[in-house]
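This briefing concerns how the parts of a protein model meet one another. Please look at the sequence and the structure before reading the points that follow.

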Amino acid sequence: MILTHEHKELYRTVKKFVEDELNPHVAEWEKEGIWPAHEVLKKMGNLGLLGISKPEAYGGMGLDYSYEVVFAQALGNCTCGGIPMGIGVQTDMATPALARFGSDELKKEYLAPAIAGDMVVSIAVSEAGAGSDVASLKTTARKEGGDYVINGSKMWITNGTQSDWACMLVNTSEGKVHANKSLIVVPMDAKGIDRKTKLDKLGMRGSDTAMIFLDEVRVPQRNLIGTEGMGFMYQMMQFQEERLFGAASGIDGLTNLINETIEYTRQRQAFGQSLLDNQYVHFRLAELKTEVEALKALVYQTTEEYVAGRDASMLASMCKLKAGRVGREVTDSLLQFWGGQGYMWDNNISRAYRDTRLISIGGGADEIMLGIISKLMGILPSKRKHEAKKAS
Amino acid sequence: MKVLVSVKRVVDYNVRIQIKPDGSGVVTDGVKHSMNPFDEIAMEEAVRLKEKGKVTEIIAVTLGGAKGEETLRTALAFGADRAIHVKEEGEIQPLTAARALAAIFKKEGAQILFTGKQAIDDDANQTAQMTAALLDLPQATFASKVELDGTKAQVTREIDAGLETLEVDLPAVISADLRLNEPRYLKLPDIMKAKKKTIEAVSFADLGVEAAASLKTIKTTPPPTRSKGVMVKTVDELVSALKAKGLV
């Protein structure tokens, strides 16, 4: 991926924004368990950052996805994972399907204000009984008059206690689990929505996460994104951006933490020398830095493929898998070097240790990524059996 | 009112400077560069004056090699209307820069030359003053506040004794100090729009400027590293140690 002057300028703007407008408040937001999404997103909307690869007709910049990746990477300079995640939900997890398949009317009403930063958005797919196994979700929407009437519940919904609308995946008919689902734009102030429960999480604490109950919630049928029954497919496509974005936003945070740890171990004396002078320590840091650079190379390669319009689903899954693995490995090793200091609650290392753990779980767990990669490699047993049967 | 803003491409302020092994200068190859922070402040001030309707056109100028174009693109994203690139490779001394800026200032018929009080690479702090001298114009350096009033500018500057306010007739040269303003975040739409704005390339020959060679860099060395200190137990011990070194 070639970084132009414009990519670099975008990175500089976002990094500066993160350092001046977000990082000074991270400790406070982490404590409160919520960030002022409307205020922060409005500022970002004014800088033209919330619709980088979205169509210009709705206030976006219409740029290719490499700019979105640079944006994600720059957000990684935030000293917590929760706020970049909340921002990423707005730009790359809840809105790609609407931008791609939504009607003009729906995009004017919901996409344009999300890009301007006037509305905060959630993606509502997971349920208590359906996380990585998306197809088994139980929430339903039945048609009545001109409306969909939604019943069920959604779990682990980022920005969920303060969002204005959610891109929600629901069952709109009986039948095959991959062909009975639809994505619907659900205004969060609709009657019958209860989102009072803010979940208490291990990490990403500055980002609010809701449990949402839906009891006879009426939404006009024109809020359907694209075609009925295509929701599962749309969501699988939307997951690609989510995974690439998630991996990209991990890189610079890890690099910063490695640098902080180099400084700390250089200063810290133990047994008559600096910790850093132990070969075990500096070799390990060299190893971790190599891992992070390798992750970056993979993210850039995947971005190139995606921008060129080629199928990047295997590479995007690899990015997500590798980001989770590398994130856990790096933060665990660094925390070890910080020792007792690292075990304290309020510092960048322990926060990253807790926050990073989510990468291997959210947006499809590591095991789902392995499944996708295996399938695309043609080594998933069921597929092999199926092909053997066909051949015979 | 037309204003000229001169901007310099320098090694980024976050970079840890390294000296070349032969002592001929600092390492610049493969090192991150950005616009001199004081020039950024000058640029921001010009844009604010334009937003207030006091300035009608902003022309950004840089001197230096091909990569200077990036610095001009940044200036254009800030809000400069067009840019002039004095494209010359190699070292450019303050007097040379002043000659070139003076030539452009005259040619454009500008009313103000805005620039940073100094560039963070060689900290010379000479270009603004020399340009004013060459043009025989008033100068107001180290500005921490600028107000334009028709044919005059009121400039507040930080001096050792406090604040001093000067009134200068326009045209004039104004150099920006750190506290003049806080440069804005560049908006992504402006970054992209800057790509389409015009950059005119000129040479010293085009401007009729002769490169000065009044300065010669003999050697570049890193600042001395701090030597290890000595712990003293009492005030008396401290005093006698200082006396022994002839410091008190």
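Between chain B and chain A of this predicted model, 7 residue pairs are in polar contact, both residues being at pLDDT 80 or more. A polar contact is a pair of N or O atoms within 3.5 Å; within protein, one must be able to donate a hydrogen and the other to accept it, and residues adjacent in sequence count only if both atoms are side-chain atoms.

**Conventions**

- Residues are numbered from 1 along each chain as its sequence is written, while chains are lettered from A and ligands numbered from 1 in the order in which they are written.
- In this predicted model local features need pLDDT of at least 70, side-chain atom pairs count only at pLDDT 80 or more, and totals for chains, interfaces and linings use all residues; side-chain values use heavy atoms, with hydrogens and water left out.

**Chain B against chain A**

- The elements of chain B that give two or more residues to the side touching chain A are α2 (68–78) and α5 (188–194); helices are DSSP runs (H or I, at least four residues), strands are runs of E of at least two, and both are numbered from the N terminus.
- The largest share of that side, 4 residues, comes from α5(B).
- By class, the side of chain B that touches chain A has 7 nonpolar, 1 polar and 7 charged residues; Ala, Val, Leu, Ile, Met, Phe, Trp, Tyr, Cys and Pro count as nonpolar, Asp, Glu, Lys and Arg as charged, and the others, Gly among them, as polar.
- In total, 15 residues of chain B are in contact (heavy atoms within 4.5 Å) with 20 residues of chain A.
- The rule finds 1 salt bridge across this interface, a salt bridge being a side-chain nitrogen of Lys or Arg within 4 Å of a carboxyl oxygen of Asp or Glu.
- Glu40(B) forms a salt bridge with Arg12(A), and their closest N and O atoms are 3.2 Å apart.

**Domains of chain A**

- Chain A is divided into domain 1 (5–120), domain 2 (122–229) and domain 3 (232–391), with bounds from an automatic or database domain assignment.
- The centres of domain 2 and domain 3 of chain A, taken over C-alpha atoms, are separated by 29 Å.
- Their contact takes 17 residues from domain 2 of chain A and 14 residues from domain 3 of chain A.
- Between domain 2 and domain 3 of chain A the count is 0 salt bridges, whereas 4 residue pairs are in polar contact, both residues being at pLDDT 80 or more.
- On the side of domain 2 of chain A that touches domain 3 of chain A, β4 (165–171) and β5 (181–187) each supply at least two residues.
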